[in-house]
Amino acid sequence: MPVSRASGVDRRLFLTSLLGVTAAAAGLSGCAESSAAAGSEGASTAPLADKVPAGTSLKIASYQNVQQLQFKLAKLPDPPFKVSSWLNIGAGPDVINAFRAKSLDVANNAGIPPIQAHYQGFDAKIVAINITRKPNYLFATKPGSDIRSIAGFKGRKLAFSQGQAQGVVLLRALKKAGLAYDDVDLVPLTSNQFLTALQSGQVDIAPLGNTQAPAYLAQYESKGARTITTDVVDLLNLLWAPVSVLNDRAKAAAVAAYIPQWAQGQVWQYEHPDVWNEEFYVKTQNLTLPQARAVTALANKPLFPPSWTEAIAWEQETADLLAEGGFVKKFDVGTLFDHRFEGIAAASVPAEYRK
């Protein structure tokens, strides 16, 4: 089936309808006690409970079962709450839908899904930050393509997901190359459609994660597909949760208790690349060991900042970039951060992993 395409103002209207209801800014209010805006109207500013009440449970996203595997291999202690379900879910639009359906309490995403949720009028907050310094994505061409640089994207069809990290990486790459949005044809897709669109030639370029590229090249490099690397990074890897969850004193305490394990699992993975290559990439992702090692060589050292100042500035830059293209309305991203949780991740890891 052909991929639907749109351009100019019509494209932006199409993207809006694709990703959610017509944008309406949620009512937001600041907290006088905080130097940053503290949250959406009705968002709790009550101190976090010191202990998770008995019987508390969380529904947690774990894309490709990464969290469970990290916790198992790292032999982390059981959390002081029940995980009622682990959801194999990762794409930002899917996470937002699960939040709306109340089938998910906390998720791990990049910086753009919380912006998209706000644009759709859904209240959610960022509760933990991991800074990424090296690119997690590169650009793959369709088989037989003659594109060899970002400059070659002009006039081409580019896979674009407004609500995911891949989307903002593409926009930042275009801006750095001096290309306007109207210089290219942005094809609205979700990331799980990118490979099919590339394989069929329905798009010329798609952003792929470092973990996806080896398998794609193994199949299509002989047919003229290639990858184009850049130094564009997506700075934020974060945990976030709906305000309705964070307003629940018991669940908020459980989220606070989950954050250290989330951080420690990533540190363990980074410090044990050989084990992770075998147990995750080879056994669950069907990569060869050399492919797994190539992916791991690009891995970011996890960095958990005690202060969210840099993260907020980056998130504002991202939101402004989207607003410039007419994809969202301009707003103050400080409202997306729940500062009650600031510093929890940093305090749970060795000093070398604190930004």
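This is a predicted model: local features need pLDDT of at least 70, side-chain atom pairs count only at pLDDT 80 or more; totals for chains, interfaces and linings use all residues.
Helix H3 (residues 92–100) has Gly-92, Pro-93, Val-95, Ile-96, Ala-98 and Phe-99 as its buried residues.

**Around helix H3**
- The buried set of H3 includes Val-95, Ile-96 and Phe-99.
- Just after H3 comes Lys-102, whose phi is positive, at about 60 degrees.

**Where H10 meets H11**
- Two packed helices are described by the angle between their axes and by the distance between those axes.
- For helix H10 (residues 273–282) and helix H11 (residues 289–296), the axes come within 9 Å and cross at roughly 120 degrees.
- The two helices, H10 and H11, are therefore oblique to each other.
- The crossing of H10 past H11 is right-handed.
- On the H10 side, the meeting residues are Pro-273, Asn-277, Glu-278, Tyr-281 and Val-282; on the H11 side, they are Leu-289, Ala-292, Arg-293, Val-295 and Thr-296.
- Six of the residues in this contact of H10 with H11 are nonpolar, two are polar and two are charged.

- You will find Arg-172 in helix H5 (residues 165–176).
- With a relative accessible area of 13%, Arg-172 falls under the 20% cut-off, so Arg-172 is buried.
- The side chains of Arg-172 and Thr-318 are joined by a polar contact of 2.7 Å.
- Setting aside neighbours within four places in sequence, Arg-172 is in contact with Val-232, Val-233, Trp-314, Glu-317, Thr-318 and Leu-321.

Methods
Residues are numbered from 1 along each chain as its sequence is written. Side-chain values use heavy atoms; hydrogens and water are left out. Helices (H or I, at least four residues) and strands (E, at least two) are DSSP runs, numbered from the N terminus. Buried means under 20% relative accessible area, exposed over 50%, partly exposed in between (1.4 Å probe, protein chains only). A polar contact is a pair of N or O atoms within 3.5 Å; within protein, one must be able to donate a hydrogen and the other to accept it, and residues adjacent in sequence count only if both atoms are side-chain atoms. Contact means heavy atoms within 4.5 Å. Axes are lines fitted to C-alpha atoms, for helices over the stretch in contact, and angles run from 0 to 180 degrees between N-to-C directions. Angles under 35 degrees count as roughly parallel, over 145 as roughly antiparallel, 65 to 115 as roughly perpendicular and the rest as oblique. A crossing is left-handed if the near helix is turned anticlockwise from the far one by less than a right angle, and right-handed if clockwise. Ala, Val, Leu, Ile, Met, Phe, Trp, Tyr, Cys and Pro count as nonpolar, Asp, Glu, Lys and Arg as charged, and the others, Gly among them, as polar.
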